[in-house]
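Trainee: Could you take me through one part of this model closely? I'd like to look at the face where the two chains meet, and at what lies behind it.

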Amino acid sequence: MTTMTIAKAINEGLRATLSNNPKSLLMGEDIGPLGGVYRVTDGLIAEFGADRVVDTPLAESGIVGTAIGLALRGYLPVCEIQFDGFVFPGFNQITTQLAKMHSRSNGNLTVPVVIRIPYGGGIGSIEHHSESPEALFAHTAGLRIITPSNAHDAYWMIQQAVDCQDPVIVFEPKRRYWLKGEVDTEAAGLAEDPFKAHVVREGTDATAVVYGPLVPVALAAANAAAEDGRSVEVIDLRSISPIDFDTIEASVKKTGRLIVAHEAPTFGGIGGEIAARISERAFHSLEAPVIRVGGFHMPYPVAKVEEDYLPDIDRILEALDRTFTY
Amino acid sequence: MGATHLPSTEFDGTGLDDQLEAEAEAVLGEPAAEMVQLLGPDGTLGTDSVFSEYAERLDAEKLRGFYADMAAIRRFDQEATALQRQGQLALWVPLTGQEAAQIGSGRASQPQDYIFPTYREHGVALTRNVDLAELLRQFRGISNGGWNPKDTNFHLYTLVLAAQTPHAVGYAMGIQRDQRLAEANGLAESGTAEPKAAVMVYFGDGASSEGDVHESMVFASSYNAPVVFFCQNNHWAISVPTAVQTRIPLSNRAKGYGFPGIRVDGNDVIAVHAVTEWALEHARQGNGPVLIEAFTYRVGAHTTADDPTKYRESSEEALWRAKDPLERLEKYLRTEGMADDAFFEQVAADGNELAAYIRKSTYESDTPDIRTAFANTYVEAHPLVAEELAWFEEYSAGFAGEDAAEGAGN
């Protein structure tokens, strides 16, 4: 066991990938000598060279598009998109090309491209640097989407994403990059399957499903609720596509109440999908409607008011109150 | 009454292209791109200081082969158009007029090269030994790509314009890495190295405006990738003339990226072959990308759903028919005594045989099963796909025997 930040864990995961698989390579803006704007690729170019850690021209469609070509030639590219709000120039390549290549080739071609995207708010940044666009990608068949919330998951999930033969988007919770945690670099243990949700706190009265940056928030809310005698089970979703509905269903059948929280706007979001599926699967177990907590239906607001936008402990407690008093 | 406001795209006359060339010269401060031409519309072979030596390597058999290929793909094009009119195909994308650009470039490629087409490159597909009956599966609505690109190094058609251009550059970056790895492993010295390869990517004058073309050319230039950008300027992006896409010859754009750009007469199969052979070898030898602009014309409609009479004059089409790629090569072959009536009769008979094969294959083609779409969405097991497939199977099973019951009722 080693203690490291999430950023360092991803760095170590990438180092392990580059060491273990000669066909893997990293691509992105400023990922070379600078080590990325978040230093996630720090030191890797010195160790693996410019053919494996590629500083690209400043063009997201070009990054994803050339990564597809490299994958067609047998390489395993890991692309870094510098910020969530800058992925959209590459959106066409991701949704119309990357996601469909295996299907449209009748299974003859595979494009195991990984796309890393730092996402989410709470860092006091300027426009386009705090967004959570995961639902836009989750709606596209052919992609897989995962998001670590802790260092151990971060270390293993980036390697599992590279090993996966399908295209994988890894959303990295940027405001948690400096969150430290224990990492077992010898064994993945519970992190063996990146597409499985984890119960990170057991409870009996209500279930709170969260992922990425909101996992620590939900755990804090559950602790606060415990002081009021409410036992809240917290699930770290980990995988946004596919979603591990079995784990959520089992929890709801035990607790009877469900809230889902994410930073992304609630409308058309992952919370709505979970609410719909769970109402289909566990309607008779539900004591109250599924409540969603999330961003408002507005462009991500300016930093000075983002505290009013982002779900925090109080917003999650308010949702729990509503489900308990229904 | 003619639509006199419509711009002409004639490049020999007094049309917009001349005006553009003059403007380009003013902008660039130097003459705009010259066009490489070896075999003129009258069927006589000219000379070029660089490319004549490539033409001299072509013997009579090669030239007859070019003609046979162009005639075959034109006959195929007619047959596919007919199949669409019969309702056998949902849509067809005709290539008539562009045979020389496609056969000349495709025949210049080598088996180890990898080709990324747009969606009109039926002639290139022929040169890469793609089964043309399989190619029609996409237009019949039974596949999104009827052939396995690994068999022919001819990628699937891409319908999102220019989206394949960065794929080509990435593939070329992969070739570079493969070669560097091989050199590091000493394979080149031991004589076991793979032959050097390049990538060729096709797009049109319309797609040249897409951002992906720009990004691809930047990446290709930055990494000196072994890729040939082959732009077929067929003068019309559905209804919009080239003048709306560019104010300078497209080949001149290469200079802005720092690699060579060549405009070639796209209706001259000998010149196209020469220029492409040069460009691919340039790329294979590690000298970086090349842009080729094949100056040609889409004689027919954009697709079978298009109506060119709404946006261009038939007189313009007539001007281009006079530059027909097949006719000029036929004249040359006959004048030089390289082919006789018997040859051309055989080519026509072979074309009819190909058409019959295409017809038969299309009529007999299988109906797809949506279960294959479930199977191919992901490589690895996926719980949502499995759940939806299970539901579909159960739902479908509910209709079992219903057809028979309906039949009995009738």
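Mentor: First, a word on terms: helices here are DSSP runs of H or I with at least four residues, strands are runs of E with at least two, and both are numbered from the N terminus. Counted like that, chain A comes to 12 helices and 14 strands. Keep in mind that this is a predicted model.

Now to the face itself. On the chain A side, 34 residues are in contact with 38 residues of chain B. Helices H3 (60-72), H4 (91-98) and H5 (101-104) of chain A each bring at least two residues to that side. H3(A) gives the largest share, with 9 residues. Sort the chain A side by class and you get 19 polar, 11 nonpolar and 4 charged residues.

Behind that face, chain A has 326 residues, and 58% of them count as buried. Its radius of gyration is 19 Å, close to the 20 Å from the globule rule, so chain A is as compact as a globular protein of that length. The C-alpha trace spans about 60 × 40 × 40 Å along its principal axes. Take the contacts in chain A between residues at least 6 apart in sequence: 80% of these join residues at least 24 apart.

Then there's the nonpolar core. The largest one has 190 residues, and Val227(B) and Ile292(B) have the most contacts inside it. Leaving out residues up to four places away in sequence, Ile292(B) touches a run of neighbours including Val228(B), Phe229(B), Phe230(B) and Cys231(B). Also among them are Ile262(B), Val264(B), Val275(B), Thr276(B) and Ala279(B).

How values were computed. Residues are numbered from 1 along each chain as its sequence is written. Chains are lettered from A and ligands numbered from 1 in the order in which they are written. This is a predicted model: local features need pLDDT of at least 70, side-chain atom pairs count only at pLDDT 80 or more; totals for chains, interfaces and linings use all residues. Two residues are in contact if their C-beta atoms, placed from the backbone, lie within 7 Å. Ala, Val, Leu, Ile, Met, Phe, Trp, Tyr, Cys and Pro count as nonpolar, Asp, Glu, Lys and Arg as charged, and the others, Gly among them, as polar. The radius of gyration is taken over C-alpha atoms; the globule rule is 2.2 Å times the number of residues to the power 0.38. A residue is buried if 20 or more other C-beta atoms lie within 10 Å of its own, exposed if 12 or fewer, and partly exposed in between; C-beta atoms are placed from the backbone. A nonpolar core is a set of buried Ala, Val, Leu, Ile, Met, Phe, Trp, Tyr and Cys residues joined through C-beta atoms within 7 Å.
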